[in-house]
Amino acid sequence: MPEYQIVVCGSVVPDPLQTLEPVAGATGPGLKNEMMLPAWLDPWAGHALYEAASLAAKNPGSKVWLVALGPKAKLQQAMMTLAQKVPFELIALDGTAGGFTEAAETAAVLADAIQAIPGLDPSRLLVFGGWESASRGAGATMQLVGERLGITDQFQGVDEIRTEPDGSLRILERIEGGSHQVSVCDAPPAVLGWATGNLPEPRNNPQVGMANMRMIMPALQKAKPSPVGAEGVTFVSVSLPKQSRDTKIVKDLPPEQIAAEIVDWITNK
Amino acid sequence: MDADIVCVGFGPASGGFLTTLSRAILNPDGSTALESPSVPGLPLQVMCYERADDLGFGVSGVVTRARGLKESIPDLESAGIPMATPVTSEKILYLLDPVGASRRPFLMRMADGVLRTVGGLFGVKDDAMELPWTPDFLEKHGGMVLSMGQFNQWIGQQVMGSGAAQIWPGSPVEKVVIEDNAVAGVQLVDQGVTRDGKPADGFMPGMEVRAGLTVVADGPTGPIGQQLDKAFGIPEGHHTHDWALGMKFVVDLPESCTLEPGTVLHTLGFPEPEIFGFFYVHPDRVASMGIFVPSWFDSPARTAYRYLQHWMQHPAIWKHIQGGRLRSWGAKTLQESGRRGEPRLVGNGFARIGEGSGSTNVLTNSGVDEAWTTGVLLAEGVVELLKQKKLFTSENLEAAYVARRRESWVEKEGRIAERARDGFQRGIIPGMVGMMLSGLTKGWLAAPGKPMPPHRRVPHLENYYEGRIPAHEVRKIVKESDAKGIASHAALMERAGWPKIPFDGELLVSHQDALLIGGKVQAPAGYADHVEFLYPSDCAACGTKICVEMCSGQAIYPGEDGLPAFDREKCVHCGACLWNCARENPKDPESGLIAFRAGAGGLHSAEN
Amino acid sequence: MDTLLFLAPTGADHALSKNALEALAATKQLAEKLGAEFCIGLWGESPNADALANCGAAKFFTVNGADFAQPRYATDACAAEALCKASGATLILGASSPRWNRISAGVAHRLGGRSDSHVTGLSADNGVPAIARWYYRQRMEAVLTRTQRPWVLAIESGIAPAWEGAPGTATVEAVPCIPPAARTKVTGIESPTADQQTIRPDADLLFVTGAGWTKKQPDGQVKTPEGETLILDFLRLSRASLGSTKSLVDLHGEGQATLTFLTHMNQVGQTGSTPRHAKGLSTCCHGEEPHTVGWRFVGERRAISLDANCGWARGKADVLYVADAFAVMAQVNALLKDAQ
């Protein structure tokens, strides 16, 4: 049975339920009240982590790392929830997790951190992450991490991975029209940018939390300052879309009439 | 799982406790100063379990003298805590009724008439009069305006960063483990269950966490506090009959607003005489504002949200906020019995701190600083016992914690405040007189009044609206509202003369929009409902359903067969349903028919 | 001055997708604005540029070979890298697609450049190209320029009308490219079955279900099975694409009544997709901001909600019908059935 080394790249994003507003800062755009917004693990990176834990659990001897670049205080905040979910070892990098930084700069920092993991064996290595973040949303970081690590078997929008009896990896990637492209990769190393996957969010397990926390707090304490920015980029403008429409509110109309209007609208090209 | 100390709930009391304790666990060089009795060789193992999805969610914004806080954190003012600022000015406004629907007693109406006639002499402006002075006992000068959400997050980071304690959010505690008349720890809630608690996919029974000391800091409506009261009783003569719901908005103030950060406004008189208001200005054009709706406001159709909207539109408030925008929202139950609501503070294996331990001062309207200080006092006692290698027995905790507490300013001021609000039992004017008497005579004098459990006070709707809405019309309105599955207070209030709310999508938004835009309410899957109607047949027979009217999130609504129903996805865990019940529990004359238990989810906002 | 390259993979039929033709038109427009020329690079088993011969490209480059037929990272990135190098272009544009998005950032890295994806606007000011793209899951739009070159872009659909022109004979320069050893093989496509309801980009209408379908209705009853029937009938009759709010998809984990045919693939919005349909009809959904970000690119929007003060009323829909969606959709289905 393969013993994988699964490195998950994932950072914090503002709780998606919050109202977000851009503000101009000294070093470029940012979010209004950025440090006050609750921080969560990026949703697709979260799916990647849960899938990693599930794969590791199915293949005893496997291990999961989480490499996270973000403000130390926010990482700590997110870890208190995340650490209860699945076992992993944290590698914390203290820097910004904002969306307006460059994927290339973030990827460089992440790749360096991955390469510094002692005992990393490319023949066992799977690099996981979200296919896009909920902040930058470029879908670029994982590719760049892969390139920097010399991994050219890369998959994006992954919803499933399965180890075949011969040790190859059967991977499902999202493509157009709700379909999945099925690929078989001979063996690690590979880079997988995850979409939703198929696993529910794991329950909060205090024992998992306790076990993780022994490693997480020291990792946070020694988090390496890792400044990233957007060198070479000039933001001409950052704005909230003006999508306000002049809404016609139709009240007190019987369902039959509303239905007729709707049918007329949808059938009228 | 074993720990040395398990703490239930993370609010200001456990903030004070963990801050003080964590500083004593490790030496400055990181070596162990307090060793774990349960795991020799390791530092003291301290766990804190918080119900909400993150630290600082679903708490409140305050103005505080911050005496205890500053003693623990001397650089509090310069610590860079978001939304924190020193108090710069403090005013009390008496609000006249600009809409004519407020139910004012005769004397008040007379006074209003005089003020309207010769208002200029008294400085009446915008239908409000600024009181010439703020009584000493209310003053917060030298104190701080804080967002408790931001403060708790900051404190949590400091405690966690020390590595001496772990604070786990998203971890409701289901029950206290009692063995041989001693508390042996707690059990977390089951996960992977249906809404009625039956095991479902991914069932994971709640883990037991055993500890030598269980610190109960789960607030005024916390399940563990309730269970301890049931198991061990509360001291003779004590009660928790007085409550209030605080509901607030956090608002981005308009550019035109000239209020300085640190400005504090208290209001009284409107929307109803029993409802008090507050307005605290944070830095960066942000304000926390809201109202308190007390249990002695004897309206069976009382509602905080609707009244808050009328309060905001009062000209004296609206002029500051018009053009601003709702940013966050929240609600919380306050224990208003103060020191007379003090439960058994300690027992074998447990100690209680914070609001649920009766620390709130009902005369100075202050709770956070007091709660924090009780946590500090307990931590000091705990450190003493650990150093002496003594067990956390009732006796030892009495000597190490309760004795400290009795000597503290929290206790001394709490005693002065003890009878301060009794007058409100008989009405707003005796209440105000009583407050002043108590405050000015340091508790020697007070207006008399006998606090009663809310369910014994609440009149029938028909009686409450007598003279304003004919009884048959009240019944019709309620019937129509029930059929629509909504509370009836909006229709009743409008029939009684309150104007409709002119929704603007910015400050005046529908109740559900407030849940969605401002507070962001979540209900994670796999947890049981934490609100239960214990005696459905009694609920069906109840014509009042104050639980529906007062529900902060519209989570309780008229359901089938005349029964109230509960929608966990709207619950902000304010705890109002615990005391907003018009019927007596057949097994406990002190409580109503609704169980409010440990539950997951709630508000997602740390700006409150 | 920048030089432009439009890149596209080609399949067995040599035809470019509508999205690709839109991106080609956008490339051509940008080149005109910059006063620059543009080239075209195609790769695949046997790419043929004749269909694009008259598009105005200065040169055509191709990478050929059976190895390049499969949509996989290693060979696609290798081909794209070779084409970029051969063209010497500084601005490289491709239509957003799973295949191009899988490699565009990696290709930029190999060329020593940078990439941007989800590009929704291209402009030029004094010879300086600028792009518009979204951040924070379509909640903020930025216009930016960058100094790094080559600059590799993935262009979203709808940016320009698809290029149309007569085919001709293109003079093609075949670029040598040695494929890396293939460790990955694409073995097929798993498609949703015909009766499976999902987001189908080709549909004119997006039908979005909100959490209200599983909640108590005005008469106090939960009518999820009726709701399911109404929705499925409507989808069958209208051939609409089916989207859902996150909360409704999440309900699956809660052991309560759900719409059984919904999966995460239907999720529209913050953590789901942002489909582009000409029309969108939201039902039983409150229209709150994080849940409606997925609607950014839907053309005409209508909503049915019981709450006259809901988010849709505040400029998020063109028409809000304050009504019971169960009643309305039953009538809609009846009318659609009659029409058939």
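Modeller: A crossing is left-handed if the near helix is turned anticlockwise from the far one by less than a right angle, and right-handed if clockwise. H1(B) passes H9(B) in a right-handed crossing. This is a predicted model, in which local features need pLDDT of at least 70, side-chain atom pairs count only at pLDDT 80 or more, and totals for chains, interfaces and linings use all residues. Residues are numbered from 1 along each chain as its sequence is written, and chains are lettered from A and ligands numbered from 1 in the order in which they are written.

Colleague: What is the handedness of the crossing of H1(B) and H5(B)?

Modeller: The crossing of H1(B) and H5(B) is left-handed.

Colleague: What makes H1(B) roughly parallel to H5(B)?

Modeller: Helix H1 (residues 12-25) of chain B packs with helix H5 (residues 148-162) of chain B at an angle of about 25 degrees, their axes 10 Å apart. Angles under 35 degrees count as roughly parallel, and therefore H1(B) is roughly parallel to H5(B).

Colleague: Which residues of H1(B) meet H5(B)?

Modeller: Pro12(B), Gly15(B), Leu18(B), Thr19(B) and Ser22(B) do, where contact requires C-beta atoms, placed from the backbone, within 7 Å.

Colleague: How do you know that strand S11 of chain A pairs with strand S10 of chain C?

Modeller: Two strands pair if DSSP finds at least two bridges between them. Six bridges join S11 (residues 180-185) of chain A to S10 (residues 184-190) of chain C, so the two strands pair, and they run antiparallel. His180(A) stands opposite Glu190(C) in S10(C).

How values were computed: Axes fitted to C-alpha atoms, helices over the stretch in contact; angles between N-to-C directions. Helix = DSSP H or I, 4+ residues; strand = E, 2+ residues; numbered from the N terminus. Parallel < 35°, antiparallel > 145°, perpendicular 65-115°, else oblique. Contact = placed C-beta atoms within 7 Å.
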